[in-house]
Amino acid sequence: MPPRTSNQADQAETPAAPRPALRVAVLADSDTRWKWGALTARRLTSGSGERGARPVEVSGLLLRGRATPTPRQLAEVGEVGIDAARVREVTAVEFLHTVRDEAYDVVVLALVGGGVQAMLHGLAALSLPRRPVVVTGYVGVVYEKLADGLLLRHGADVVLANSAHDAERFRAVYEGVGADASAVTEAALPFLGGAPYRPEEGRDTVVFAAQPSVPATRADRTYLLRRLVEHARLHPRREVLLKLRSKPGEHTTHIEELPYQKLAQRLPGGLPPNFRLVYGHMGEVLDRTDLLVTVSSTAALESLHRRIPTAILTDLGVREPLGNHHFVGSGLLTSWDRLDGGTRPRPDPEWVARQGVAADGSYGTAYDTARAKVTALLDGGELPPLAPYYTPATAPGYLPGILARHHLAPDGTPLPGAAAPQEPGRVRGAVRETVRNAARGAYRHGVQRVAPVIRRMGEL
């Protein structure tokens, strides 16, 4: 073998330059959307950290509002791969300035529909020479405002659907109004996981997964609580858990004006010893669940993914406002009377297969198509301008109000005074932050405590 030349030796010994990190920003407006957005970002970039591939940096941003998660809620979401201490709160305009300054490769908008629409127009108005790939979707079961929510999300590069069923519905809505449907991409809920269900000798646990806004009335919520407590009394050897989303004063994706904690305090006869209120990560609760009961919570899909016996209640009817109409054909619809008597629903395999539950083991490939689409967009050169379906020309009586709620003008630019200039000096900055925190606290108190009281008084 001939000796290597000095140039050949230098080339052999010089390591390849590290590839720049793939920079991803997740903007969320509630605890559940933060969980969805952060885990979606991880699913979409799961191959990027492999040897020779680009490292991944994910930044967490919380949109300031009534449902901005507390530190406790962030910690309770579970492992999402982002240090909660590094997650910061921003206004819509601050977020847009951050995107302008940080040159993200991908932005995941984990927001309510109006928030997504506002950010799409705000990002378009930045006119960046190299804009990020924009991804959005839904945090769970889509059972209301399908057309409204989808059209508010139109314009993103990728609109994730959690199942084949949703992907078909999403495309039908877009095509039905003459909008481009190519962004719709079938995937799955990013937080499915956990070990398959296996009964354990001596364990018998029923979990009711509560929802903040379903049902809405005091009478209906009290009824469900009473039936759950009665179930515990009928089966004293069974552990009965009421899984709660938030503590009083905290908000989630939906407003909870009548927390079960307060209703439980007023229940005649008190609570039996085998009945408990629990918080925590849903996956950890499901680890010890033998029957999951709910009205229409997305927890039902998590439970089905793990093959845990699951029941959808019909006690209050099968109605669109309750969301349990989504489970028609599932085989899961039943009542407390039947559950008290020992009935356990058996899910319909075809229905489960179409809902993205992936109980058949296919979950590992559920994000392959979405990941490939994002990679192709990143590698395909300059992206076209963002083009939402709603514009000042197509929705002049609707769009301006949506943008104004986020302090944006009809053209997507910040309204005058929306972005206060940075004040020099640590002392002035600290004072400004203190005032901001006080104002934020007052706002949340008004939305979470005062407004519900006023609404209830108006119903008297």
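Predicted model: local features only at pLDDT ≥ 70, side-chain atom pairs only at ≥ 80, totals over all residues.

Which residue follows α6 and has a positive phi? The residue is Gly 155, with a phi near 120°.

Residues are numbered from 1 along each chain as its sequence is written, and side-chain values use heavy atoms, with hydrogens and water left out.

**Exercise 1. Find the buried residues of α6 and what covers them.**

Step 1. Gly 149, Leu 150, Leu 151, Leu 152 and Arg 153 are buried in α6. Buried means under 20% relative accessible area, exposed means over 50%, and partly exposed lies in between (1.4 Å probe, protein chains only).

Step 2. The cover over these buried residues includes the helices α5, α7 and α15 (399-404), along with β5 (133-137) and β6 (158-161).

**Exercise 2. Describe how α5 packs against α6.**

Step 1. Two packed helices are described by the angle between their axes and the distance between the axes. For α5 (residues 113-126) and α6 (residues 146-153), the axes come within 7 Å and cross at roughly 20°. Axes are lines fitted to C-alpha atoms, for helices over the stretch in contact, and angles run from 0 to 180 degrees between N-to-C directions.

Step 2. This angle makes α5 roughly parallel to α6 (under 35 degrees is roughly parallel, over 145 roughly antiparallel, 65 to 115 roughly perpendicular and the rest oblique).

Step 3. From α5, the contact uses Gly 113, Gly 114, Val 116, Gln 117 and Leu 120, and from α6 it uses Leu 151, Leu 152 and Arg 153. Contact means heavy atoms within 4.5 Å.

Step 4. Sorted by type, the residues of this contact are 4 nonpolar, 3 polar and 1 charged. Here Ala, Val, Leu, Ile, Met, Phe, Trp, Tyr, Cys and Pro count as nonpolar, Asp, Glu, Lys and Arg as charged, and the others, Gly among them, as polar.

**Exercise 3. Now describe how α6 packs against α7.**

Step 1. The axes of α6 and α7 (residues 164-176) are 10 Å apart, at an angle of about 75°. That makes α6 roughly perpendicular to α7.

Step 2. On the α6 side, Leu 146, Ala 147, Leu 150, Leu 151 and Arg 153 make the contact, and on the α7 side, Arg 169, Phe 170, Val 173 and Tyr 174 do.

Step 3. These residues divide into 7 nonpolar, no polar and 2 charged.

**Exercise 4. Is Thr 98 buried or exposed, and what does Thr 98 touch?**

Step 1. Thr 98 sits in helix α4 (residues 92-102). Because its relative accessibility is 9%, Thr 98 counts as buried.

Step 2. Apart from neighbours within four places in sequence, Thr 98 is in contact with Arg 88 and Tyr 104.

Step 3. The side chains of Thr 98 and Arg 88 are joined by a polar contact of 3.1 Å. A polar contact is a pair of N or O atoms within 3.5 Å; within protein, one must be able to donate a hydrogen and the other to accept it, and residues adjacent in sequence count only if both atoms are side-chain atoms.

Step 4. A polar atom of the Thr 98 side chain also lies 2.8 Å from the backbone oxygen of Glu 94.

Methods
Helix = DSSP H or I, 4+ residues; strand = E, 2+ residues; numbered from the N terminus.
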